[in-house]
Amino acid sequence: MGIRFILLVNKQGQTRLAQYYEYLTLDRRSALEGEIVRKCLARNEQQCSFVEHRNYKVVYRRYASLFFLVGVDNDENELAILEFIHLLVESMDRHFGNVCELDIMFHLEKVHFMLEEMVMNGCIVETNKSNILTPLQFMDKS
Amino acid sequence: MADLIIDAFSSQTRLRDMIRAIRGCKTAAEERAVVRKECAVIRASISENDQDYRHRNLAKLMFIHMLGYPTHFGQMECLKSIASAGFPEKRIGYLGLMLLLDERQEVLMLVTNSLKQDLNHSNPYIVGLALCALGNICSAEMARDLAPEVERLFQSRDPNIRKKAALCSVRIIKKVPDLAENFMSPAATLLKEKHHGALIAGVQLCTDMCKVSLEALEYFRKKCTDGLVKALKERVNSPYTPEYDISGISDPFLHIRLLRLLRILGKGDADASDCMNDILAQVATKTETNKNAGTAILYECVETIMSIEDNSGLRVLAINILGRFLSNRDNNIRYVALNMLMRAIAVDAQAVQRHRITILECVKDSDASIRKRALELIFLLVNENNVKPLTKELIDYLQVSDQEFKGDLTEKICSIVEKFSMEKKWYIDKMLKVLSEAGNFVKDEIWHALIVAISNASDLQGYTVRSLYRALQTSSEQESLIQVAVWCIGEYGEMLVNNVGMLEKEDPLTVTESDAVDVLEAAIKRHTSDITSRALSLVALLKLSSRFPSCSKRISDIIIEHKGSFVLELQQRSIEFNSIIDKHQNIRSTLLERMPVLDEASYNSKRKSGSLPPTASAPTGASPKLPNGVVKSPAAPMADLLDLSSDDAPVPSSSGGDNLPDLLGGSLTSLPSLTGQAPSNGTDILMELLSIGTPAAQNDVSTSDLLSTNHNNTPSGTPLERLSPPSPFSPQVSTPTATTPVMDLLDGFSPTLSMSNKKSSTDPYFSGNNGPVYPSIIAFQSSSLKIEFSFSKQPENLQSTLINATFTNMSSNIYTDFIFQAAVPKFIQLHLDPASSNTLPASGNGSIGQSLRVTNSQHGQKHLAMRIRVAYKINNKDVLEQGQITNFPPGL
């Protein structure tokens with residue numbers, strides 16, 4: 001499967017976006033979010049971007065006040081996931097123009113639509129930014 | 001209509017307001033209140049079937065769901081939204097479907113029809129939506145229903161549809177692997193795609209099919225290896241493609257997926273591996289590595305080289321790349337290098353050994369993720385040749401490492417030291433070092449094993465006890481160091497004082513008897529000591545009281561001081577020990593002899609078999625596995641119970657030890673013995689002997705006393721409490737006759753009393769149950785013995801099973817002193833009732849019956865399993881039979 005979940009969390013540890021590709025109950029979700037957010041936020045810039053948690057890995061990257069956390073299987077290519085996070089940020093940048101936390105909060109569904117074009121069932125499906133954004137623009141037009 | 005909704009949505013006054021309100025909340029309670037209010041409004045709107053606000057309601061629900069609140073009431077709204085005609089409604093509906101529902105919900109079946117229609121829709125975006133939703137959440141039933149539609153979409157002219165159809169199929173074949181063959185040839189066609197998205201999806205589909213079907217693997221290996229190699233070659237050699245640029249590298253994701261599929265095809269197949277050698281070499285040498293994206297490709301390529309069939313040239317190249325990664329300054333790259341080296345060990349351990357020094361440096365890194373990887377790697381790299389320097393490095397590092405890392409590090413060091421403990425002295429030295437540095441992190445079973453080893457190393461006991469004494473002077477806050485030291489001083493105190501058994505290079509040590517007692521007194525009075533340490537100290541003091549006559553008075557005072565201890569365990573011991581010192585001068589010295597040598601082999605095999613609970617630190621009331629074999633026969637006079645005086649040194653014989661509970665009343669044999677085995681370290685045994693009889697000593701045989709004693713023997717929080725529940729005691733320990741002799745030991749010592757023999761009893765509470773019926777099994781059969789199990793269960797308690805065991809003697813000899821024991825994994829609790837007899841007539845002329853009650857705490861997930869051991873005597877010769885039972889009927 002590859003990607004198990006994608007989380008966007010701000011510096012205060014508040015979830016700003018959550019997409020799971022495997023089923024978890026609400027309780028287990030909030031427990032998991034609490035645990036890994038605590039783990040990742042405690043790390044400093046020099047430390048590597050990978051944290052092992054239970055039976056999977058979390059690859060994370062920080063952009064200003066936002067943390068992007070991606071949970072992946074143990075055999076996933078961690079370095080590629082880092083690039084994937086960057087691609088997601090670039091796509092959002094292109095759509096929103098210098099994206100910030102508020103853009104994501106107020107346009108949650110658009111970020112989800114974008115993500116839908118990039119990842120399906122935990123697999124990366126598209127990496128071309130204009131292909132990712134076309135369906136979104138189609139909706140804005142209609 | 002569509003415009004109106006979009007309008008309402010895009011103006012977003014209400015959605016924005018809600019998000020603002022939630023952002024403005026200062027406490028969680030405030031947030032809950034806002035969400036509750038919003039949910040109430042949404043529910044009202046839903047029940048009015050308000051279509052204008054459906055879009056907005058769903059958007060709000062998604063936000064609320066993200067915050068972790070239940071939103072099930074909005075599920076039907078998603079379905080309605082999907083069923084409507086416009087693209088925006090469908091879009092939000094499908095998004096809601098993916099976020100708010102999951103494949104387990106019945107509601108999901110209702111959407112199958114809408115999905116089917118949308119998969120056939122003329123608008124490609126709508127087809128894309130339906131495929132994406134299906135790919136994210138479809139259940140097995142939906143997969144079967146809609147697979148033909150998806151298969152058809154592989155032919156679509158739009159590559160964006162083809163790519164989504166391919167990924168949708170990934171989920172379909174995962175849910176229904178039988179469908180894989182339908183997708184085999186469409187998937188193979190996709191591998192020829194020029195469109196990156198369609199190609200990456202096709203590669204992913206092939207990869208997943210290879211995982212579920214061997215047939216598919218063979219198919220793709222034959223038909224597609226060349227094509228894939230060509231595709232990869234094109235990507236590597238193609239000019240720069242700006243639309244797929246990822247920080248200067250053209251589409252690293254596609255490279256990675258291609259390499260990954262090649263890895264699966266090449267693994268275990270020399271021809272396929274051969275075919276991809278050139279391109280792998282090309283990727284390994286040509287990829288730019290100054291960017292993360294390039295490193296990612298190289299990393300994947302190295303892994304593929306390691307996995308496919310042997311090509312030594314490529315492997316050298318790969319290992320060199322890893323070496324370069326390892327010395328990189330970027331922590332991410334070092335992390336993946338360590339990760340890869342773990343896998344490379346299987347291929348070329350020698351090459352990985354060359355990086356040992358660098359890896360060892362990584363163990364000391366400031367980054368926890370890197371340390372953890374490096375430590376695991378080092379653990380795999382240890383062998384006979386490098387174990388000494390590596391252990392030294394690790395132990396040195398233990399002194400300065402972070403507190404949170406010490407646990408992991410200690411565990412690994414102990415594990416290495418135990419595994420390579422060919423030299424006893426080295427093992428003891430290193431263990432003492434670890435105990436002094438990080439004794440608080442050492443697991444109980446580790447130091448129990450150390451004690452067993454010390455007890456077996458007669459030439460090192462003096463040296464060990466002196467080293468421990470020295471270590472204690474410098475690090476007095478490590479609990480398990482104190483425990484081992486206290487035990488050793490109790491046993492080998494005179495070696496400490498008299499410098500017995502000096503080794504060549506050892507410095508002589510001047511310790512007076514009073515110094516040794518000082519150490520014990522400090523341990524017992526140290527307020528952070530746990531009960532185990534204090535109890536061990538008491539026993540050690542008692543032992544020294546006979547060996548150090550000069551300190552006898554002082555010891556007696558310390559013991560008397562603890563007669564008023566609030567901890568029942570300590571109070572009880574002090575009272576008993578005081579009585580031994582005061583009233584039984586004549587037997588004291590023999591009673592307090594050194595422990596017989598502990599049986600190392602049996603301890604280790606028990607540890608390996610996992611029947612030993614992880615923290616079996618304290619004596620439990622039920623520990624018949626006493627290796628000090630002090631009891632000769634159940635009918636022996638009392639003197640034999642503590643017969644450490646008999647001229648022939650007590651031989652450690654486990655079968656002898658097993659008889660001890662018999663002596664104390666047949667009922668005790670039925671305690672769930674092997675499940676909660678106490679460690680075989682000798683102190684406990686003595687404590688056992690002395691504490692079991694207490695209730696009798698007070699001339700008040702009260703069951704509850706015994707229960708609480710047993711309970712208190714266990715330091716709070718250890719699993720033993722769970723493993724030896726008090727309940728099994730209650731129906732049995734009620735016979736004063738059984739315990740009287742022990743009372744005599746402590747209060748009168750009357751040799752005329754003899755032990756009551758095992759009483760045969762049939763258990764009252766196993767009668768009259770009528771649970772589900774299970775077939776009987778032959779649990780064990782050898783040429784001499786047959787054991788049959790029949791099962792019954794009470795319907796209201798499915799976790800417990802009553803097992804009636806029947807033992808039949810197949811030989812022509814009579815078996816006497818027949819004892820059956822059983823051990824179970826940790827998730828099972830076992831309760832053994834007394835056997836109907838301990839004599840088994842020959843040639844199947846009669847049998848012994850015994851009831852067992854097992855409680856499977858993971859009923860429905862794990863099956864029962866049991867190890868058994870049967871001990872008996874033929875013409876006074878001990879016979880032991882062991883076996884494992886795995887053929888329990890399912891459902892127990």
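Trainee: Which side chain of chain A meets Arg91(B) in a salt bridge?

Mentor: The model is predicted, so local features need pLDDT of at least 70 and side-chain atom pairs pLDDT 80 or more, while totals for chains, interfaces and linings use all residues. Residues are numbered from 1 along each chain as its sequence is written, chains are lettered from A in the order in which they are written, and side-chain values use heavy atoms, without hydrogens and water. A salt bridge requires a side-chain nitrogen of Lys or Arg within 4 Å of a carboxyl oxygen of Asp or Glu. At 3.4 Å, N to O, the partner of Arg91(B) is Glu116(A).

Trainee: How many salt bridges does the rule find across the interface of chain A and chain B?

Mentor: The pair Arg91(B) and Glu116(A) joins the two chains by such a bridge. For the interface of chain A and chain B, the rule gives a count of seven.

Trainee: What area is buried between chain A and chain B?

Mentor: Buried area is the accessible area (1.4 Å probe) that two parts lose on being put together, summed over both. Carbon and sulfur atoms give 57% of the area between these chains. In chain A, Leu79(A), Phe106(A) and Met120(A) lose the most area to chain B, together 13% of what that side buries. The total is about 5,800 Å².

Trainee: Is Thr71(B) buried or exposed?

Mentor: Thr71(B) lies in the loop between α4 (54-66) and α5 (75-83) of chain B. Buried means under 20% relative accessible area and exposed over 50% (1.4 Å probe, protein chains only). Because its relative accessible area is 5%, Thr71(B) is buried.

Key
Helix = DSSP H or I, 4+ residues; strand = E, 2+ residues; numbered from the N terminus.
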